[in-house]
Structure formats: structure tokens, C-alpha cells
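Work through these exercises with the model open beside you. Try each task before you read its solution.

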Amino acid sequence: MKALAINGGAGRMGQILAGGLSATGRFSIGALVDTQAPHELFGATYAPSWDVVDATTIDVVVDFSSPEGVVASATWCAAHGKGLVIGTTGLSDDQRRAVEEAATKVGVVIAANYALGAVLSERFAAMAAPYFDRVEIIELHHDKKVDAPSGTSIAAAKGIAAARNAAGLPEMTDPTVRHTVSGARGADTIGGIKIHSVRLPGLVAHQEILFGGPGEGLTIRHDSFDRLSFVQGVALAADAVDASPRLIDGIQSLI
Ligand code: NAD
């Protein structure tokens with residue numbers, strides 16, 4: 001059984017993961033690291049910072065905190081030889097480099113989405129991409145999400161753009177020339193793929209990938225109705241990492 005430390009352990013995801021991962025029977029929760037005290041401990045010790053975590057009690061760190069928190073987790077894991085699973089999104093280039101640096105010393109999984117259905121929908125979208133002229137993405141999240149567009153939608157756009165490129169399709173150009181209200185056509189991302197972000201209370205994490213071709217459309221939709229949807233993917237990632245240096249970018253290769 002692997003012992004986990006969860007950075008961001010008091011947060012919405014941290015609390016769900018602590019309960020969900022310990023319920024698998026494959027993990028124990030050694031420490032909940034967070035700047036604020038958690039509601040529930042799930043048998044773990046609360047640590048207000050990494051300075052007070054006993055490294056001998058931890059095998060793998062799971063980070064669902066903030067971009068600054070990820071850098072602290074990566075530094076601690078590299079210093080103590082612990083595998084790291086990162087779910088936190090919205091990293092800057094410098095913060096991403098800190099993760100890549102840690103992966104030269106220990107095993108790191110970083111994924112924008114740990115829901116298995118979301119990963120599969122990305123795979124299905126890459127399969128469909130060569131056969132449709134146009135594609136746009138709508139991502140819908142709860143109203144507390146601080147970054148937009150979602151990391152998941154960017155990853156999906158990259159996969160679709162790569163599949164289009166491999167099939168010899170041209171980069172998409174937007175036919176809209178008159179923008180009555182700026183931003184109406186969404187954000188421009190890789191390959192000219194537009195992403196539209198919706199933020200509403202009551203939502204968790206949802207995404208529609210809309211393809212259009214002559215006389216037909218295809219919509220690939222995934223819904224995370226509950227944060228429990230991320231537990232299985234995080235468990236796969238936590239199983240996969242240890243002190244051996246490597247970077248696993250996305251959990252596609254784990255399912
Ligand atoms: P949240 O705000 O509920 O929880 C974040 C927690 O991290 C808070 O308790 C906060 O006090 C703590 N924290 C912030 N900075 C910290 C630091 N430097 N050190 C220690 N603790 C720190 O947010 P959430 O909804 O749980 O989401 C957390 C992150 O996980 C976000 O980046 C979100 O986008 C991401 N997320 C990813 C996935 C995925 O599948 N990859 C799924 C859901 C959420």
C-alpha cells in the first residue's frame with residue numbers, strides 16, 4: 001500500500017481524493033498539506049507546510065493546490081525522492097519548467113484531466129479530427145474555477161490539431177470578419193481551434209467537442225458530474241510513479 005501526501009488537502013479536490021483514494025484500499029493518506037486546515041483528516045496528519053512533513057512516511061505526493069503549490073511540491077519531491085502526481089492547472093511556463101526539472105530526478109505525472117471519460121473523449125476526438133472540416137470546443141465549469149480556458153480543452157485542441165496536421169488538413173481560419181461584440185467567437189488556440197469557456201454555479205467539469213463536415217456534425221461530450229470522477233485516474237497515476245525519473249504528460253498512456 002502506498003502512503004500519499006496530498007497538497008491542497010483541505011480543498012474541494014483534496015478532500016474528495018483523500019476519501020476516494022483511501023477507499024480504494026490501495027493507498028493510505030499520510031499527510032494533508034495545505035495552508036488552511038482540512039475539514040476531514042481521513043487518518044492523515046495535517047501539515048500547514050512541507051517543512052513539517054516527515055518524508056519517511058510518504059511514498060507519493062498528489063498535488064491539487066495552486067500553481068505556487070505545485071512548485072513547492074515538485075521541490076520537496078525532488079529533494080526527498082518521491083513520485084509526484086499533479087492535477088493543478090494554470091501553470092505558467094516557469095512553473096511548468098520547475099515540474100520538468102523535478103522529473104529529471106523523480107517520477108512525475110501531470111494531467112489536465114484525470115477523469116477517464118475525458119481522456120477517452122480526447123482519444124475519440126483525435127480519431128474523428130481528419131474527417132471533418134471544422135471543429136470548436138465548448139468547455140463548461142463551476143463558477144469558482146480561476147483559469148480559462150480549461151487545461152483539458154487546451155489538451156484536446158492540441159491533440160485535434162496534431163491529428164489534423166498529420167492528415168494534411170490546413171490550419172482552420174475563421175470566416176467571421178465583423179465582430180459586433182469582441183470575444184463572441186471564443187479564444188483562438190492551436191491550429192485555429194476556437195475554445196469557448198462557460199462558468200456557472202452547479203456545473204462541475206464538462207466539455208463538448210463539436211465537429212462539422214458536409215451535411216453532418218459530430219459532438220463528443222463528456223461530463224464530470226462529481227469530483228469523484230477524478231479519483232480513478234489519480235489512482236492510476238499514483239500507482240505508476242515512484243522515485244525513478246520520468247515525466248508522464250497526461251494519463252492517456254496509463255489507460
Ligand atoms: P480549491 O480552491 O478548493 O482547493 C485548493 C486548495 O489548495 C485550498 O485548500 C488551498 O488552501 C490550497 N492551496 C493553495 N495554494 C497552496 C499552497 N501554495 N500550498 C498548500 N496549499 C495550497 O480548488 P480545487 O477545486 O480543489 O482545485 C484545485 C486544483 O485542481 C485547481 O488547479 C483545479 O483546476 C485542479 N483540478 C484539476 C483536475 C484534474 O483532473 N487535473 C480536476 C479538478 C480540479
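**Exercise 1: the nonpolar cores**

The largest nonpolar core has 32 residues, and Leu-17, Leu-21, Val-85 and Tyr-114 have the most contacts inside it. A nonpolar core is a set of buried Ala, Val, Leu, Ile, Met, Phe, Trp, Tyr and Cys residues joined through side-chain atoms within 4.5 Å. Buried means under 20% relative accessible area, with a 1.4 Å probe and protein chains only. The model is predicted: local features need pLDDT of at least 70, side-chain atom pairs count only at pLDDT 80 or more, and totals for chains, interfaces and linings use all residues. Residues are numbered from 1 along each chain as its sequence is written, and side-chain values use heavy atoms, with hydrogens and water left out.

Solution. 
- Step 1. Strand S1 (2-7), H1, strand S2 (27-33), strand S4 (60-63), H4 and helix H6 (231-240) each supply at least two residues of this core. Helices (H or I, at least four residues) and strands (E, at least two) are DSSP runs, numbered from the N terminus.
- Step 2. H6 gives the most to this core, six residues.
- Step 3. Domain 1 (2-110 + 228-254) and domain 2 (116-224) each provide at least three residues of this core. The domain bounds come from an automatic or database domain assignment.
- Step 4. Set aside the neighbours of Val-85 within four places in sequence. Val-85 is then in contact (heavy atoms within 4.5 Å) with Val-60, Val-61, Val-62, Asp-63, Val-109, Tyr-114, Val-234, Ala-237, Ala-238 and Val-241.
- Step 5. A second, separate core has 21 residues, including Val-33, Val-61, Ala-102 and Val-106.

**Exercise 2: the largest pocket**

Solution. 
- Step 1. The volume is about 950 Å³. A pocket is an open set of points on a 1 Å grid over the protein atoms alone, with protein on both sides within 12 Å along at least five of seven lines; lining residues have an atom within 4 Å of a point. Points are joined across faces, edges and corners, and a volume is the space filled by probe spheres set on them.
- Step 2. The pocket has 39 lining residues, and Arg-12, Met-13, Phe-64, Ser-65 and Thr-88 are the closest to its centre.
- Step 3. Helix H1 (12-23), helix H2 (67-80) and helix H5 (151-166) give two or more residues each. H2 gives the most, three.
- Step 4. Domain 1 and domain 2 both give residues to this lining, so the largest pocket lies between them.

**Exercise 3: the second largest pocket**

Solution. 
- Step 1. This pocket holds about 760 Å³ of space.
- Step 2. Its lining has 30 residues; Ala-112, Gly-151, Ala-155, Lys-158 and Asp-249 lie nearest the centre.
- Step 3. Helix H3 (93-102), helix H4 (116-128) and H5 each supply at least two. The answer is H5, with six residues.

**Exercise 4: the cavity**

Solution. 
- Step 1. The structure holds one cavity of 30 Å³ or more. The largest cavity has a volume of about 70 Å³.
- Step 2. Its lining includes Asn-113, Ser-121, His-141, His-206 and His-222.
- Step 3. S10 (205-213) and H4 each give two or more residues. S10 gives the most, three.

How values were computed
1 Å grid on protein atoms, 1.4 Å probe; cavity = no way out; pocket = protein on both sides within 12 Å on 5 of 7 lines; lining within 4 Å. Buried < 20%, exposed > 50% of the residue type's maximum accessible area, 1.4 Å probe, protein only.
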